[in-house]
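Me: I am new to this structure. Please show me how to read its features, one at a time.

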Amino acid sequence: MKKLLIFLLFMNHYLFQISCQSTFYYNADYETKIDSLLQLMTLEEKINMLHGNELFSSLGVKRLNIPDLKYTDGPLGIREEQLKDRFASAGHKNDSATFFPTGEALAATWNTELAYKYGVAMAQEARARNKDILLAPAVNIMRTPLCGRNYEYFGEDPFLASRIVVPYIKGVQDQNVAACVKHFALNNQETERSYVSVETDERTLREIYLPAFKSAVEEAEVYSVMGAYNKFRQSYLCENEYLLNKILKNEWGFKGIVISDWNATHSTVKSALNGLDIEMGTRIEGGYENYYFARPLLDSVKAGKVDEKVIDEKIRRILRVMYNCKMFDPEREKGSINTPEISEVVYKTASEAIVLLKNDKKLLPVNKTNLKSIAIIGHNSVQKHAKGGFGAGVKARYEITPLKGLENELTNSVQINYAVGYVPKYNRIEVPGSRPRFVADNKPDSALVVEAVECAAISDIVILFAGANREYESEARDRPDMKLPFGQYELIKAVSTVNPNTIVVITGGAPYELTEIQKYVSSIVWSWFNGSEGGNALADVLFGKINPSGKLPFTIPALLDDSPAHALKAFPGENGTVEYKEGILTGYRWFDTKKIEPSYCFGHGLSYSDFEYSDLRLNKKKYEKDDSIYISLKIKNTGNYNGDEVVQVYVKNTNSKVLHPEKELKAFKKIHLNKGKELKVELTIHTEDLAWFNEKTMSWKVDEAEYEIIAGSSSRDIRLKGNFSIK
Ligand code: BGC
């Protein structure tokens, strides 16, 4: 009888899946199905579903046809298969995948449609590898240039991060894969990440560090959220009642699963009651059965410390995600790896991400007509970035290095003179009682510099590839400073002195100090850990097939100590606590308000063309509190190249009663314009988007005030201004 019931239930799932396209948050039929399933499950079966049984898997219930959940990292593409109980390659032969430009690169495109396609493409690969949960996107705000994981994140601005995260998640979930937005929350440094406690005031929490997560939940209906390693107000994130239960689940109405970061759980009863749903991590002593959410949780329920209703609620969340991902449906998306369409998405992302920082003498785009010789210098011209350092990487099906990209581009008539210039070297430092540390050796290698200089001297132009790699920027540690490593400053100076036609390409996912080299290098290009097609995209930008359109998603400070957390000596904290003393003044909010000139500002990025802005109009002068501000302006491509421009709209609240940043990004649009053409660009800001968080009333407040609207090509290249008020 029971078997028949189970069979009928299974058929029911199946037929239902075919007839109904779900909405995650309000699907009464799913909830009914879940009620029936819950009745059939034993307590042991339920508990089995609440913790990992392998490094990247948690159990279902075979008897009831509830499948296991399969997880995969992560932001760079579908990670190669790992051993069942720890982080080490499983040595499979068929687990290569596309290497996607990292999160910071995607943010630099400022292209929301592309973010959707990026999500779709990554999830297609996840499906092809039979994964259910993609441990991405990662949206922690860049608080310090030094954070080892900045390259995974979407930059320093909560608005930009929110606009990118929503289409990304929709793209992933449209392929029947659950996105897992991470790391919730305030995991803004790697130093002491497993225990540091973050202290922020409520306004800063709400205005800077939560918006990307909030949008992921409220707008994208993300299916899962990863609880971070660190503490907030002295309570671990995976047992943080305030952030998990009060804000995420109650205020925002999150209906999906909270998954712990790997080995980030610290308790059984507290975590179970405070909002954690699944405990994940590596195998511990005694095996997965000893996880907080395994036998100890079973015992706690039996001892009456945790009500079984709490367990049922967690199972409900898991089953809800399973239904929405069509995990009971044989017709579920099958996925595919590295199709031409996926390569196209990674190429487009890579090419739109590249930022032209400086081009004073118009060395770029390189004119091939009379080009006889080119010097390619720097280890980053041959460095691959799909793997390296600690944390997720991809066994890339292929990765085009910059040198390969240039070779693909150049015909035999151009002589390539190659010199490595520097090699990444690390010194081993013994740490008593702990693992050794490896510190970059920043002494220039004079023999390599001499060779590079000789190469530069005999070449028409030089492209020098500097910057970092994924060993140097890595999970689990922050960078020691903001300097370019491995003696690169000396190399750049020597090479550009002998050949003024030197173009420097920086590869990195976080700010580096460029103050000095800016003085003598006339063209600087910013590239990223830019995915399988990175080298092709870069060559196409350098030679003008692609007109650069990337815009910095972060400020590049002139000096590290100019940036807020460092200026206020509030990094990495003391005695296990880090106080975010700069409050809401992160990134450009700080630089603008304090009138500090950065090397390159937030939103900066040049084009080979010129764009003229005119005719800024608002539909009204005065708005109500619940109103839409319709903005229009005209953009004309007055240069000689077709190209893309990111129109950025900032708003300044001139109400002086409480602190407001000098200005804040509130809208943007990326447009394409052929040379000579003009376009009317329309953007909308809802007045509610101008609200600030009032800690006294614990609510959002739209000020009745005068506002300035500021449109530009970057946060400091302001072209047009207007005024309005809210009454
Ligand atoms: C990282 C997560 C990652 C997890 C699984 C952790 O160390 O913080 O971002 O998803 O490992 O690999």
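Me: How many bridges pair strand β7 with β10, and in the parallel or antiparallel sense?
Reply: Strands are DSSP runs of E, at least two residues long, numbered from the N terminus. Two strands pair if DSSP finds at least two bridges between them. Here β7 (residues 224-227) and β10 are joined by 4 bridges, in the parallel sense. Glycine 227 faces serine 260 of β10.

Me: What kind of model is this, and how is it numbered?
Reply: It is a predicted model: local features need pLDDT of at least 70, side-chain atom pairs count only at pLDDT 80 or more, and totals for chains, interfaces and linings use all residues. Residues are numbered from 1 along each chain as its sequence is written, and side-chain values use heavy atoms, leaving out hydrogens and water.

Me: In what order do the 7 strands of the open sheet stand?
Reply: Read across the sheet: β1-β2-β3-β4-β5-β7-β10, with mixed pairing. β1 (52-54) and β10 (257-260) are the edge strands, each pairing on one side only.

Me: Which strands does helix α6 touch?
Reply: A helix is a DSSP run of H or I, at least four residues long. Touching means heavy atoms within 4.5 Å. For angles, axes are lines fitted to C-alpha atoms, for helices over the stretch in contact, and values run from 0 to 180 degrees between N-to-C directions. Helix α6 (residues 158-173) packs on the sheet against β4 (133-134) and β5 (178-184), at about 140° to β5. Helix α12 (residues 308-324) packs on the sheet too, touching β3 (69-72), β5 and β10; its direction makes about 105° with that of β10.

Me: Which peptide bond has omega near 0°?
Reply: The bond from alanine 136 to proline 137, which is cis. Proline 137 sits in the loop between β4 and α6. Another cis bond joins lysine 182 and histidine 183, with omega about -5°. Histidine 183 is in strand β5.

Me: How many residues surround the ligand?
Reply: Count a residue if one of its heavy atoms lies within 4 Å. That gives 14, and the closest are Asp73, Arg149, His183, Asp261 and Glu475. The shell holds 6 nonpolar, 1 polar and 7 charged residues. Charged means Asp, Glu, Lys and Arg; nonpolar means Ala, Val, Leu, Ile, Met, Phe, Trp, Tyr, Cys and Pro; the others, Gly among them, are polar.

Me: Where does the side chain of glutamate 475 come in?
Reply: Look for N or O pairs within 3.5 Å. An N or O atom in the side chain of glutamate 475 is 2.6 Å from a ligand oxygen atom. For a polar side-chain atom of arginine 149 the distance to a ligand oxygen is 2.8 Å, and for arginine 79 it is 3.3 Å. On its own the ligand has 310 Å² of accessible area (Shrake-Rupley method, 1.4 Å probe). The protein covers 97% of that.

Me: What is the order of the 6 strands in the other open sheet?
Reply: It is β11-β18-β17-β16-β12-β13, again with mixed pairing. β11 (355-359) and β13 (415-419) each have a single partner, so one side of each lacks a neighbour in the sheet. The twist averages 20° from one strand to the next. Strand β12 (residues 373-377) runs parallel to β13, joined by 5 bridges. Isoleucine 374 stands opposite isoleucine 416 there.

Note on methods: A polar contact is a pair of N or O atoms within 3.5 Å; within protein, one must be able to donate a hydrogen and the other to accept it, and residues adjacent in sequence count only if both atoms are side-chain atoms.
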